[in-house]
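Please go through the model below with a viewer open. The paragraphs take up a sheet and a helix in turn.

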Amino acid sequence: MRNKIAYLSLLLCCSLFTYAQDLSLTAITIPAELTKDANAVVKESYTEINLNAIDEMTVKLRKVTTVLNKLGDRHIDAAIHYDSDRKITKLSAKIYNALGKEIKKFSKSKFIDVSAVNGFTLYSDDRLKYIDYTPTEYPYTVVFECEFKSSSTGFIPEWNPQDSYYISVQRSEYKINNPNNFKTRIRKLNFENYPIKKVSDESIHYLAENVPAIEYERNSINYTEIFPRLLVALNQFSLNKVSGTGTDWKEFGKWMNAKLLNGRAELSPATIEQAKNLVSGLDNDIEKAKKIYEFVQNKTRYINVSIGIGGWQPAAANEVDKMGYGDCKGLTNYTKALLDVVGVESYHTLVYAKERRDIDKNFSSLQGNHMILNIPNNGNDVWLECTSQTIPFGFLGDFTDNRDVLVITPEGGIIKRTPSYQNETNLQTCKANIKLDANGNIEADVEITSKGVQYDDKYHIESYSKNDLEKYYKSSRWSYNNNLEIKSTKLTNDKKNVIFTENITTTVADYGSITGNELLLRVNIFNRDTYVPKRYRTRNYPLQISRGYKDVDDFTITIPEGYNITTLPPKYEITTKFGTYSMEVKKVDEKTLTYHKSILIKEGTFPKEDYKLYRKFRKRIAKQENLRIALQKL
C-alpha cells in the first residue's frame, strides 16, 4: 500500500498542474486510511428521491468510484435496471485516469442493453443497461449519473452507504423530497458502528463520510448484520398503477390477497374433475396434498415469467394448467388452486430464497424474492417448494429453510418460520468393506446414506449420466484419492423418508505406499474432513457456523497376506462447544481391522474470541483425518 501511495504521489508531482482537469476526480485526493484493505473507493454517492405523487417517483443517482486494482472493477456499479414501469430519462458515464483527465465517455446510447434475467425465462420486460469498459491502467475513476421515473412507489430505493467488503466510502448522501407529506416509515439497520448523521429533521436526509473498507472474514455473521442500510416505505403506495397499503404485515397481507391474488385460482371443469379423481377415497388432507403435489411435479416445469403487476402477480391457474409451465408465483398459485378444489387449506408465502435471510418482521414492505406454499395442517405446518420436479413433498432443503417468511391469508399477512435442518438432522453415514493387496491397491464396496441438508446436497446426482457421475466422484467427492476408478454405482432416492443412498464399487491403485518392510495406509479412505478455517491475526466479527452436520464412518479393512497388524493408534476424542469428534481403529483378527469415526459440527454464533478455539478444534480434526498406520511385513 505504501508503494501504491508513493507511485500516485510521484505522478502528482510530475504532472498534476499540466495534466489534471478536476482535482476532485484524482486518486491522489483519497485519504490514506480509505485505501487500506480497499479495492475501490466511493468518492461520492448521491441519491435523491422525489415523491411527486402516490404513483409517481423520480430518482436521481450520481456515483463517483475510484478503482484501485483489478479486484475493484466489479465495484464501479455503472448499471441501471429498467422495465415498462421504470423509465430512464438521463444516463451517462465518464472514465477518468489517476490525475483526473477524462479518457472515455458513455452516452445513453453507448450503454449495453440486455435482458436482466437468465436463460430459463420465457418472458420478462426487466432489462439492464451497463457500460463495458476494460481498463488499461489503475487507478481510474468512473462517474455514473442516472435519472429515472417510476409509478411504483412500493419500491423506494434503499440506502446502502457501504454495500460490500473491500470498498471504502468518502461520502454517501441520501435524500427524499416529500412535498405532499405522504406518510413514510423508515428502518435503520447497523447504523450504530458507522459515521452516519441525520442532516435534517424536516425530511429523510442522511450522510455518511469517511467509512473505511471492511475485510471479509470467513465463518462470519451475514453481511446483512454488518453493513448499514436504510429502508423506506410508504403507508400508501402504488405498484404498477395498482394502489396498495401496508402499515403492518397484517394490512399488507390483506392488500396482497385482495389485489394481487384474488381471482387467480380459476380452473377448467375438466381439471377440477381430474383433481377430485386423484384424491378419491382419501380422507387425510396431507395424503391429498401429496397426490396433488405429485401431479403438479409431473405436469409442470419451472420457467421464469416476470410479468403481471411488477412481477408480483402470479399467472392465472388455468393458464399454467394449459401451458404446463410457470414461475414460482404461477406454480405456487396453481398448486394452491388444485388444493382448494380438493378441500385442502393452503396459502401463498413470500420468502428470501437461496441466501438465508429473513423477511423483516418489524418492517412491512415489498420483500422477498421467491414464493412457496404453506399448508397450516392444524398448527403442524407443511411447506411446499412448487418449482422443483424432483424435491420430496414437504422438504425445503437449504434453499428456503430456517427463515422468517410471510404467509398471505385473507385475514392478513402472518410471519412464520420455516423448518430448520440442524446438526444431527443433516446426517451422513458411510460404510465400506475394503480389501488391500500387497502392492497397496484397494477394492471397496461403499454405501453412503444421506439425510437432511446432506440429502439436499446429493440427490440431484441421480440424474447424472454415467460419465458425469464418474467425474463427480473422481474430481469432487474423492478427489484426494489418485488413481480412483468407479466400477459400478447404484443410487436410491427414497423420497418418502427423504433418504438418499449411494452404493459404489471402486478401486484405488497404489493407495498404500511401501517403505522398506512397511505398508503405510491412510485409514480414512472415503470421507476425509480436513477443513481448517483461515488464520486471522485480529478477528473483528463473531464466528458463525451456518450449518451443522454429522458424519459417521464405519470401514472394515482386510489386509493382504504376508503383512501383520502391529501398533494401532489409541482412541481419540474431542468435545467442544462447537461439536465433537471421535476416531478409533481396532484389530478384529490377524487379517482384519475396523475404522470408526464420528464428527458432529454444531450450528451457532459465537463471540469473535472463540474463533481461535474453533480453528484449533478443526486443525486437530484435520490431523486425525490424515492419520496413517503401518502394516509390518512378515
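**A sheet and a helix**

Asn433 has Asp445, in strand 26, as its bridge partner. The model is predicted, so to speak of local features a pLDDT of at least 70 is needed, side-chain atom pairs count only at pLDDT 80 or more, and totals for chains, interfaces and linings use all residues. Numbering starts from 1 along each chain as its sequence is written, and side-chain values use heavy atoms, with hydrogens and water left out.

Strand 25 (427–436) and strand 26 (442–450) pair in the antiparallel sense over nine bridges. Strands here are DSSP runs of E with at least two residues, helices are runs of H or I with at least four, and both are numbered from the N terminus. Two strands count as paired if DSSP finds at least two bridges between them. Strand 25 and strand 26 form a hairpin with five residues between them, and Gly440 in the turn has a positive phi of about 90°.

Nine bridges also join strand 26 to strand 28, and these two run antiparallel. Val446 stands opposite Ile504 in strand 28. Ile504 is also the bridge partner of Thr489. Strand 28 (residues 499–508) is joined to strand 27 by 10 bridges, again antiparallel.

These strands belong to an open sheet of eight, in the order 27-28-26-25-32-36-35-34, with mixed pairing. Its edge strands, each pairing on one side only, are strand 27 (484–494) and strand 34 (572–576). Neighbouring strands of the sheet are turned by 10° against each other on average, direction ignored. In a regular strand the side chains alternate between the two faces of the sheet.

Helix 8 (residues 466–477) lies across strands 25, 26, 27 and 28, running at about 105° to strand 27. Axes are lines fitted to C-alpha atoms, for helices over the stretch in contact (heavy atoms within 4.5 Å). Angles run from 0 to 180 degrees between N-to-C directions.

Now to helix 2 (residues 249–261), where the buried residues are Trp249, Phe252, Gly253, Trp255, Met256, Leu260 and Leu261. Seen down the axis of helix 2, these buried residues fall within an arc of 165°, so they line one face of the helix. Buried means under 20% relative accessible area, with a 1.4 Å probe and protein chains only; the arc is that of the directions from the helix axis to the C-beta atoms. What covers the buried residues includes strand 15 (236–239), strand 16 (242–245) and strand 20 (347–351). At the start of helix 2, a side-chain oxygen of Asp248 reaches to within 3.3 Å of the backbone nitrogen of Lys250. After helix 2 comes Gly263, with a positive phi near 85°.

How values were computed:
Buried < 20%, exposed > 50% of the residue type's maximum accessible area, 1.4 Å probe, protein only. Polar contact = N/O pair within 3.5 Å; in protein donor to acceptor, adjacent residues only side chain to side chain.
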